[in-house]
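I record here what I looked up in this structure, entry by entry. The sequence and the model come first.

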Amino acid sequence: MIGAGVFAVFAPAAAAAGSWLLLGLALAALVATANATSTAQLAATYPTSGGTYVYGREQLGPWWGFVAGWSFVIGKTASAAAMATTFAAYTVPAAWQRPVAAAAVVALTALGLRGITRTAALARVLLVVVLLALAVTLVAAHLGAGATAGTGAPTVAADRPVGPIGVLQSAGLIFFAFAGYARIATLGEEVRDPGRTIPRAIVTTLAAAAALYTAVALTLLAVLGPGPLAASRAPLADAVAAGSWDAALPVVGVGAAAASLGALLALLPGIARTTLAMAREGDLPRGLAVVDPRQVPRRAELTVAAVVVGAVLVADLRGLIGFSSAGVLLYYAVANLAALTQGSDRRRYPRAMQVLGLTGCLVLVATLPPASVLVGVGVVAVGVAVRLLRGRRAGPRLGP
């Protein structure tokens with residue numbers, strides 16, 4: 001969850017919501033909480049690889065599962081490319097960014113092929129680096145907060161009235177800084193006691209991330225003010241520069257790079273496990289369903305890596321993020337709908353939470369730029385059309 005989003009998302013969110021940024025953060029956390037409880041409830045019932053692809057198939061039918069799985073694969077593949085691109089942007093000059101981003105994907109895929117235990121170990125190291133960097137950043141920013149907060153810059157609210165749509169747009173942007181909990185649920189076959197471990201992991205990490213993001217948002221508003229924050233390209237770096245501890249500036253870059261690598265490290269195996277689950281059911285080529293003796297879906301991981309490298313080499317960061325957003329919200333919408341249909345014997349949370357999550361996903365996706373929505377829905381539609389054609393050729397093999 002704590003990836004590159006925390007280093008970048010608050011600027012566009014402030015541009016949308018102005019001084020109401022914290023309300024946008026609260027709405028994003030609320031929708032994320034509803035989605036997380038649905039995911040946790042489903043993961044306890046279906047502790048297997050695939051996440052909402054499996055949940056959708058089991059609770060709603062094969063087509064719903066396909067839409068969820070395909071949305072996850074395309075959305076998170078774009079997100080993985082965005083994380084690799086962000087890592088390179090903080091570490092090397094512009095001319096080297098695309099090849100370095102591709103190299104990062106290759107290196108982390110090679111690590112993932114050695115098994116999820118080694119992946120988790122490196123993720124813990126990266127998380128410690130990110131948290132330390134954020135702690136130093138917040139302290140350094142507050143050292144100069146009293147002298148620099150809102151120094152003469154107009155707030156967004158003064159330039160343009162902020163209404164409910166602006167707050168919802170900010171919530172939609174901030175939501176994607178929370179979205180990592182879905183990847184926990186894709187690893188059900190590789191976790192001890194998944195029915196207990198996965199729900200606890202999802203809820204606990206969501207609460208921790210929400211607390212951290214609140215601290216970051218409060219610091220940025222206090223140090224920069226809504227207007228300068230909205231105009232910033234690197235909000236945390238600008239907040240540190242506004243203080244009196246210039247030596248802390250390189251720490252921001254280190255933290256952003258580590259956060260990007262950590263997010264990418266979690267994304268790649270999660271996408272591969274959903275690809276594995278879809279291949280087992282024939283929704284993707286069955287050759288991708290092979291698992292080696294280490295329980296690693298080698299072919300799926302290599303295929304995902306190849307697609308991510310291709311995206312890194314040809315797409316820009318803004319397009320990747322917008323495309324990813326549409327796919328992720330569709331994925332969570334199916335998760336909430338699937339949890340809503342579970343019986344009382346499987347229920348851990350009230351149905352109102354699933355209704356809130358489903359409604360929130362649909363509202364937030366409506367706030368995305370129209371181009372992102374059209375491209376995302378278009379790619380999902382292409383996947384549905386291909387599955388329909390394959391189903392007609394293969395008969396009942398792909399399900400109704």
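**Basis.** I note that this is a predicted model, in which local features need pLDDT of at least 70 and side-chain atom pairs count only at pLDDT 80 or more, while totals for chains, interfaces and linings use all residues. Residues are numbered from 1 along each chain as its sequence is written, and side-chain values use heavy atoms, with hydrogens and water left out.

**Aromatic pairs.** I looked up the ring pairs and found seven aromatic pairs in the structure. Rings of Phe, Tyr and Trp (its six-membered ring) pair if their centres lie within 6.5 Å; planes under 30 degrees apart count as stacked, over 60 as edge-to-face and the rest as tilted. One of the pairs is Trp63 with Phe66, edge-to-face, at 6.2 Å centre to centre and 80° between the planes. I then looked up where the two residues stand: they are three residues apart in helix H5 (residues 62-91), so about one helical turn separates them. Helices (H or I, at least four residues) are DSSP runs, numbered from the N terminus. In general, an α-helix has 3.6 residues a turn, so residues three or four places apart point the same way.

For exposure I used relative accessible area: buried means under 20%, exposed over 50%, partly exposed in between (1.4 Å probe, protein chains only). Trp63 is partly exposed at 28%, whereas Phe66 is buried at 2%. Tyr331 and Tyr332 form an edge-to-face pair as well, with 5.5 Å centre to centre and 80° between the planes. Both tyrosines, Tyr331 and Tyr332, are buried.

Which ring does the charged end of Arg387 sit over? I found it over the ring of Trp63, 4.3 Å from the ring centre. The criterion is that NZ of Lys or CZ of Arg is within 6 Å of the ring centre and within 35 degrees of the ring normal. The side chain of Arg387 also has a polar contact of 2.6 Å with that of Asp283. A second polar contact, of 2.5 Å, joins the side chains of Asp283 and Tyr53. A polar contact is a pair of N or O atoms within 3.5 Å; within protein, one must be able to donate a hydrogen and the other to accept it, and residues adjacent in sequence count only if both atoms are side-chain atoms. Asp283 lies in the loop between helix H15 (249-280) and helix H16 (298-314), and is buried at 5% relative accessibility.

**Second largest pocket.** I looked up its lining and found 15 residues, of which Trp70, Val73, Ile74, Thr77 and Val307 lie nearest the centre. A pocket is, on a 1 Å grid over the protein atoms alone, an open set of points where a 1.4 Å probe fits, with protein on both sides within 12 Å along at least five of seven lines; lining residues have an atom within 4 Å of a point. H5 gives the largest share of the lining, five residues.

Gly270 lies in helix H15 and is buried at 1%. Gly270 and Thr77 are 193 residues apart in sequence and 9.9 Å apart in space, C-alpha to C-alpha. Six of the eight residues of helix H2 (residues 10-17) are buried, so H2 is largely enclosed by the rest of the structure. Gly18, which follows H2, has a positive phi near 60°.
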